[in-house]
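Subject: Structure handover

Hello,

Here is the structure for your files. Please open it alongside this note, which then says what was found.

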Amino acid sequence: MNQDAVKRTLGEPRSAYQRALSAATLAGFVIATAAAGADRTVQTPSIFGPASTPAHAIRELALIVFGITGVIFLVVAGLTVYALMRFRRRRGDDGREPPQVYGSLQIELAWTVVPILIVVVLFLVTARYIFAIEWRPQSPQALEVTIVGHQWWWEIRYPKLGIVTANELHVPMSDPAHPTPTFLTLQSADVIHSFWVPQLAGKMDVIPNKTNRIWIDPQKPGGYVGQCAEYCGLQHAGMLLIVTVHSKEDFAKWAAEQQAPARADAELRAGRELFSSLSCINCHAIRGTMANGVFGPDLTHLMSRWTIGAGVIQNTPENIRAWIDDPASLKPGALMPAMKLSPGDLDKVTAYLVSLR
Ligand code: CUA
């Protein structure tokens, strides 16, 4: 794409207010936006729509707990309503207190022992599910992924495949007959985050200087939305994660595309050189160039991603230009500074980044 084409694509720069407004709208409705996307659909996140073994187990446990507590609710509420009706004040009551019961061993034992038994049952059932999920050994077929929580985005690394990406986790489907689960190693670069994709597994805290593990084995292809589940600062709510579950062939295709070096189109040399001369390269990596920063997301295949800013806005050339110009206009609090480039330089850098497919 030459610069005129970029200008045509990007149109006139919009006001910061307009951009902020559209960012806010998108942040709120990323799922709807995602669902409207061309060939990608995303399930509304719900613990009642599980698509992976740990999430199935959690739903089962939740139903058991709801069942037991539901019966307790019905008994307590039923007795309360009965007492209110049966013993309500009537005309002709003589106003005396009813007989008071003190020190009944039977009653006190009943209301102590029964709740303890209920709590013990809930504890044992929960412990059984926790151990069943946590004690699964990692099989040799398992895919290994390292996820690093940052303020406010997710770094995603496939150490054995040599892939680094951000905010969009791609995994193969796991056939129950021949399981190919994905084991995730969770780390934090700054504060405590929490990794949560409700339809795939439970929450797992992401803690600085500690490594946590979690696994998923999604059984149907599709898109699943996750969200940081531990308050981690201003953009905690703007820290989304999209998981795409592929068939084995599609996953291999995706991995091959990600493993390819960054494109280096000759006509975008000006943009590439400008990018390399700016402070961008201190924070961002583009494989095969001198940019090797690790503070911000890897941009080698930036345009293969669906959103920028960890789910707050769609990944379009227009939004990338607005982001480089002033990230805070789209994601207030984002740690990337406004680049303060001239409109011409902004076009050049945008054209280069937009070429990174
Ligand atoms: Cu990261 Cu909340």
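Contact here means heavy atoms within 4.5 Å. The model is predicted, so local features need pLDDT of at least 70, side-chain atom pairs count only at pLDDT 80 or more, and totals for chains, interfaces and linings use all residues. Residues are numbered from 1 along each chain as its sequence is written, and side-chain values use heavy atoms, with hydrogens and water left out.

Start with Tyr158. Leaving aside neighbours within four places in sequence, Tyr158 is in contact with Leu143, Glu144, Val145, Ile163, Thr165, Leu169, His170, Phe251 and Trp254. Tyr158 is buried, at 1% relative accessible area. Trp254 is buried too, at 7%. (Buried means under 20% relative accessible area, exposed over 50%, partly exposed in between, with a 1.4 Å probe and protein chains only.)

Now the rings. Rings of Phe, Tyr and Trp (its six-membered ring) pair if their centres lie within 6.5 Å; planes under 30 degrees apart count as stacked, over 60 as edge-to-face, and the rest as tilted. The count by this rule is 9 aromatic pairs. In one of them, the ring centres of Tyr158 and Trp254 are 5.4 Å apart and the planes stand at 55°, so this pair is tilted. Tyr158 sits in strand E3 and Trp254 in helix H6, so the pair ties together parts 96 residues apart in sequence. Tyr158, Phe251 and Trp254 form one aromatic cluster. Helices (H or I, at least four residues) and strands (E, at least two) are DSSP runs, numbered from the N terminus.

Next, the sheet. Two strands pair if DSSP finds at least two bridges between them. An open sheet of 5 strands has mixed pairing and the order E4-E3-E2-E6-E9. Its edge strands are E4 (163–166) and E9 (212–216), each pairing on one side only. Neighbouring strands are turned by 25° against each other on average, direction ignored. (Axes are lines fitted to C-alpha atoms, for helices over the stretch in contact; angles run from 0 to 180 degrees between N-to-C directions.)

The pairings, strand by strand:

- E3 (residues 153–158) and E4 are antiparallel, over 4 bridges. Glu155 faces Ala166 in E4.
- E2 and E3 are antiparallel, over 5 bridges. They form a hairpin with 2 residues between them. Gly149 is opposite Trp154 in E3.
- E2 and E6 run parallel, joined by 7 bridges. Val145 is opposite Leu184 in E6.

E2 is mostly covered, with 7 of its 8 residues buried.

On to the cores. A nonpolar core is a set of buried Ala, Val, Leu, Ile, Met, Phe, Trp, Tyr and Cys residues joined through side-chain atoms within 4.5 Å. The largest holds 31 residues; Ile147, Tyr158, Leu169, Phe195 and Val243 touch the most other members. Elements that each supply at least two residues include E2 (143–150), E3, E6 (182–188) and H6 (248–259). Another core, of 27 residues, lies apart from it, with Leu274, Ile281, Met303 and Leu346 among its members.

Helix H7 (residues 269–277) has Gly271, Arg272, Leu274, Phe275 and Ser276 as its buried residues. These pack against helix H8 (280–283) and helix H10 (343–354).

Last, the cysteines. How many disulfides does the structure hold? It holds 0 (a disulfide is a pair of cysteine sulfur atoms within 2.5 Å). The sulfur of Cys280 is 8.7 Å from the closest cysteine sulfur, in Cys283, which is too far for a bond. Cys280 is buried, at 9% relative accessible area, whereas Cys283 is partly exposed, at 29%.

Best wishes
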